[in-house]
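Visitor: I am new to this structure. Please take me through one part of it, slowly and closely.

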Amino acid sequence: MSFRHLSLRLPRYLGALGPPRRLWWCPSLNTISSVVPWRGQSSRSPAHWNQVVSEAEKIVGYPTSFMSLRCLLSDELSNIAMQVRKLVGTQHPLLTTARGLVHDSRHNLQLRGLVVLLISKAAGPSSENTSQNYDMVSGIYSCQRSLAEITELIHTALLVHRGIVNLNELQSSDGPLKDMQFGNKIAILSGDFLLANACNGLALLQNTKVVELLASALMDLVQGVYHENSTSAKENRITDDIGISTWKEQAFLSHGALLAKSCQAAMELAKHDAEVQDLAFRYGKHMAMSHKINSDLQPFIKEKSSDSAAFHLNSAPVVLHQEFLGRDSWMKQIREAQDKGRLDYAKLRETIKAGKGVTSAIDLCRYHGNKALEALESFPPSEARSALENIVFAVTRFS
């Protein structure tokens with residue numbers, strides 16, 4: 001099992017001159033303010049996401065796509081892979097996860113580790129940490145590279161564990177019960193194996209603060225996923241009456257905490273002070289939030305998306321749509337989109353696109369992108385910093 005390597009090129013973007021200011025509604029504060037909606041500018045056409053990742057990998061010395069191969073090619077996981085092959089022909093979601101690990105069309109799997117390496121190189125060595133300079137490769141300490149691997153392992157373990165099926169909700173169309181039970185066992189064992197390797201790697205770093213940061217990130221992940229599952233299981237998978245502020249808190253736990261705290265931990269390993277650690281944390285947090293909102297927006301902005309494809313009713317555009325509309329009107333639209341007890345996602349998608357939820361989600365994505373860029377301003381100019389800026393630009397580009 002391996003990750004795909006990317007090999008394209010991206011242009012650089014300049015953010016010195018922003019577009020004219022305009023009024024922007026801040027849903028979390030329920031206020032109107034004048035902000036720059038997006039600070040990224042380029043004299044060349046914007047790069048594709050794949051190109052951004054490819055060029056960033058070149059900057060950090062080697063592709064992060066191969067960072068976890070030491071674990072993935074171990075005898076233990078090879079045995080698990082043999083067991084996963086027995087699921088071929090079934091409908092267990094672990095198969096979809098496994099295919100995604102090999103053929104990641106969006107190239108998102110290595111993102112977290114890549115950002116950790118980039119921000120490590122952008123910050124450079126601390127003036128207080130001259131004893132470890134001999135241990136640097138391409139401007140990055142070996143312990144920071146290990147941290148990037150650990151971050152990827154934790155994220156991959158979470159993806160595998162999310163493939164566990166609730167046996168109480170099985171339908172006849174899902175296939176035999178024994179296949180689902182077997183798939184669940186493999187998902188639990190393989191996810192636990194990845195987490196065990198991550199914990200072992202953390203211990204080898206011999207830094208108690210880094211261990212504490214990553215342990216708290218793992219706790220946040222579990223809490224965030226618990227919130228997601230508890231809300232989606234209520235009211236027959238219809239969204240709860242939550243505002244965008246609550247959504248942002250939950251999204252940070254499940255999607256932002258790991259990257260934010262890994263970036264902070266990378267600064268701690270290089271012995272940077274609290275101010276630099278906080279800047280790294282803020283970049284990781286806001287970049288991850290932009291990435292999450294961008295992902296939520298895809299069903300509403302992709303030109304070739306399937307009209308009948310389902311989308312999450314707790315995604316950012318839907319939550320914002322509900323907040324604008326009001327709970328009663330939103331539930332009325334839900335009922336109008338139901339046909340014989342089944343939700344017509346194509347009809348509901350068009351209803352949401354006709355409202356303000358999608359455009360507000362785009363604004364919110366760019367708001368977090370601007371916050372991520374602000375955190376980078378204190379880092380010295382470098383290729384790594386430019387790559388971090390380009391990642392934000394690619395995530396917040398919608399035209």
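Guide: First, a term. Contact means heavy atoms within 4.5 Å. Helices (H or I, at least four residues) and strands (E, at least two) are DSSP runs, numbered from the N terminus.

Two notes on the source. The model is predicted, so local features need pLDDT of at least 70, side-chain atom pairs count only at pLDDT 80 or more, and totals for chains, interfaces and linings use all residues. Residues are numbered from 1 along each chain as its sequence is written, and side-chain values use heavy atoms, with hydrogens and water left out.

Now to helix H13, residues 345-353. What covers its buried residues includes helix H10 (274-301), helix H11 (316-325), helix H12 (327-336), strand E6 (342-343) and helix H14 (357-376). Buried means under 20% relative accessible area, exposed over 50%, and partly exposed in between (1.4 Å probe, protein chains only). The buried residues of H13 are Leu348, Arg349 and Ile352. Seen down the axis of H13, they fall within an arc of 105°, so they line one face of the helix. That arc is taken from the directions from the helix axis to the C-beta atoms. An α-helix has 3.6 residues a turn, so residues three or four places apart point the same way.

Look next at the start of H13. There, a side-chain oxygen of Asp344 comes to within 3.2 Å of the backbone nitrogen of Ala346. This is a polar contact: a pair of N or O atoms within 3.5 Å, where within protein one must be able to donate a hydrogen and the other to accept it, and residues adjacent in sequence count only if both atoms are side-chain atoms.

Now turn to two of the covering helices, H10 and H14. Asn294 sits in H10. Asn294 is buried, at 6% relative accessible area. Its side chain makes a polar contact of 2.9 Å with that of Gln298.

Leu376 belongs to H14. Leu376 is buried as well, at 0% relative accessible area. Setting aside neighbours within four places in sequence, Leu376 is in contact with Tyr283, Arg385, Leu388 and Glu389. Leu376 and Val276 lie 100 residues apart in sequence, yet 10.0 Å apart in space, C-alpha to C-alpha.

One last stop is the loop between helix H9 (244-269) and H10, where Lys271 is found. Lys271 counts as partly exposed, at 42% relative accessibility. Its phi is near 60°, a positive value in a residue other than glycine. Most residues other than glycine have a negative phi.
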